Amino acid sequence: MAVALLNLSGCGLGYALMRCWVRVALCWAATGALLWAVLPAEPEGAAGGVVVGYLVALALAAVDGARVARRRAVGGSWRPVVAAGAGLVLLAVPAGGVVAYGSAQDEAVEQLLLDRLDRGDRSVEAAAGKSFAEARGDYQAALAVYRDLGEEHAGSRAGKLVPKRLGAYYEAVSAPYRRKELCAAVEPLAYLRTVPRSIDRKLLGDLAGYPDGPLAASLYACGVSKLGAVPKDGGDSDELGELLRTFPGSAEAGKVGPAVSRKISEQNRAVRGSDPCAARDALRRLRTAALALPDESVSALAPRTDGGIQDGGYACGVAQFKAKRFDQARLTLSEFAASYKKDERGARARDIAIAAEIAGIRAAAGKHLPPSVSPGGVRMELVISNDAPDGVEILYTGPVTGKTAIKGCGSCSTRSGPSASLSACKARGKSYPHVTLWLPAGEYHFLYKHRGGSSSTAVSSYADGSRIQPGYRYTGCTYVTSSPSFGVGPSDALTHT
C-alpha cells in the first residue's frame, strides 16, 4: 500500500524505495512528458487525452508497485508505515500541481483577454487620421472586442477596463466635433447614437446619451452653412431636415426658422449686388430647401424667395449681357419674359435677349445694351423682301430693337453662282413676300434666321450691319445660295432711294 501511495506522487518514489530504478525512470519519463505537454499553461488548458493518459499511467504505477511490494521486502517493519505516511504527504505534490496549473491557466486566460483588449485599442488607434467612412470598419471591430470583454468576461481584468476604454472610444469617434469640423462630425456622432443598441447600456453609463447634444449642434451648424450653397457632391444636403426630425424639441431646432429667414433676406439683398446670378440661384436653392423641411413654420418661408428670384432673373440676364456672355443672357432673359408675363420689365428683357442673340454672331451688336426708350423724330421706311423658298425671321437692334418674319416665296428657288445677289428680288412682274419696318436713323445690326422646311439645302443664320440715314427709303432682299450661305442683298447691304 505504501509503495502504491508513493508511486501516485508521479515521481516513482515507491519504486525507489524498492530500488527498482528502471521503473523509477519510467515514472519520471511519464511525468516529464506530461510537463512538456501542458507547460506553459494555455488558456484552453491541457489536452484531455494527455491528462487521461497520465492518470492511467499513475494508476498502473500504483497497481504495479503494490504487486511488486508483496514479493519484495522494503527493509524493516517500520519502513512501510513511514512510507505510507510519506506517500499520503507526497500526494499533495500532484494536487498542488493541479492547483498551480489551474492558476497558471487562469493567468493565461487573463493575458489572452488583455491581448484582445489591446487589439481593440489598436483598432481605435488605426482609425485616427482617417475619415469616418474609411475608419468605420476599425471602429466596429474595436466595439465588437469591447462588447465581448465587457459582457462575456466582465470579471476579468480586461473586462473591468472596458468602461474606461469605451470612454476613449467615444472620444476618438467624436474627435471631429471637438475640432469644430461640424459637417464631418455628423456621421460619426450619428453612429455613436446607434452604439447602445449593440452593447450593454450599463457598460456605457452616461456615454449612452452623450451624442445627442453634439449631434444636434453639428446638424444645425452644418445645415445652416449649406443653406443656399451649391452642393459640393452634387446632392442635396438634409442636415436641417434630420435635425427637425430627430431632435424636434431641441434648442437648435428652434433656430432653424430664423436662420432660413436670415439667409433669404441676405440673398434678396444680394440680387442687387455685383453677382445677381449667384444670388438668384441661391434663392432657388433656399426655396427648395425650405419646402423640403418637415416644420411647416419653416417651409412657409419659401414664398419669401419669389420676389428675389424674379428680380434676380432680370438682373442676372443684364449682367450676363454686359459680361459678353450673350448665349447665357439670351436664355436667361427669354426665360424671364416667358415666366413673368405681367412684369413690366418683360418687353425690355425681350429686347436685350434679341440683342444678345444677334451679338452671339455679330459681336458689335453687344457693345452696349439696347436703348430702354425709343427715340422720337422721323422714321425711315425699310422694306425687306424674301427671294427664298422658305420663311425667314429677322432680328434687329440699334436705336430700336425688335424682330419680324417673312413667309417663304413659293415660286422662288435656291440660287447659285457669283451673280446670285445681282438677280435676287429682280424678276419682272413677280410679287415677293415682304415686310416693312419703320426705323429711326442710326446704326443697326440684323440677324436673318432661315426657318428651313421645304428647302433641302442646309442654311445657317446670317448677321449684318447697316446705317439708316434720315430722308431715305431703304430696301433689302433675302435669298439662299447653294454655297450654302444665307444673305441679304444686293451685295449684302441695304439700298436706299
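A disulfide here is a pair of cysteine sulfur atoms within 2.5 Å. By this rule the count comes to four disulfides. The structure is a predicted model: local features need pLDDT of at least 70, side-chain atom pairs count only at pLDDT 80 or more, and totals for chains, interfaces and linings use all residues. Residues are numbered from 1 along each chain as its sequence is written, and side-chain values use heavy atoms, with hydrogens and water left out.

**Disulfides**

Number the bonded cysteines of the protein chain in sequence order, and the pairing reads 1-2, 3-4, 5-6, 7-8.

| Pair | S to S distance | S-S torsion and hand |
|---|---|---|
| Cys 183 and Cys 222 | 2.1 Å | about 105°, right-handed |
| Cys 409 and Cys 412 | 2.0 Å | about 65°, right-handed |
| Cys 425 and Cys 477 | 1.8 Å | about 75°, right-handed |

Helices (H or I, at least four residues) and strands (E, at least two) are DSSP runs, numbered from the N terminus.

Burial follows relative accessible area: buried means under 20%, exposed over 50%, and partly exposed in between (1.4 Å probe, protein chains only). Cys 183 is partly exposed, at 37%. Cys 222 is buried, at 1%.

The torsion about the S-S bond of Cys 425 and Cys 477 is about 75°, so this disulfide is right-handed. Cys 425 sits in the loop between helix H20 (420–423) and strand S4 (434–440), and Cys 477 in strand S7 (residues 474–481), so the pair ties together parts that are 52 residues apart in sequence. Cys 477 is buried, with a relative accessible area of 4%.

Cys 409 and Cys 412 are both buried.

**Asn 386**

Asn 386 belongs to strand S1 (residues 379–387). Is Asn 386 buried or exposed? Asn 386 is buried, with a relative accessible area of 0%.

Contact means heavy atoms within 4.5 Å. Not counting residues up to four places away in sequence, Asn 386 touches several residues, including Cys 409, Cys 412, Tyr 432 and Thr 478.

A polar contact is a pair of N or O atoms within 3.5 Å; within protein, one must be able to donate a hydrogen and the other to accept it, and residues adjacent in sequence count only if both atoms are side-chain atoms. The side chains of Asn 386 and Thr 478 make one of 2.8 Å. A polar atom of the Asn 386 side chain also lies 3.1 Å from the backbone nitrogen of Ala 388.
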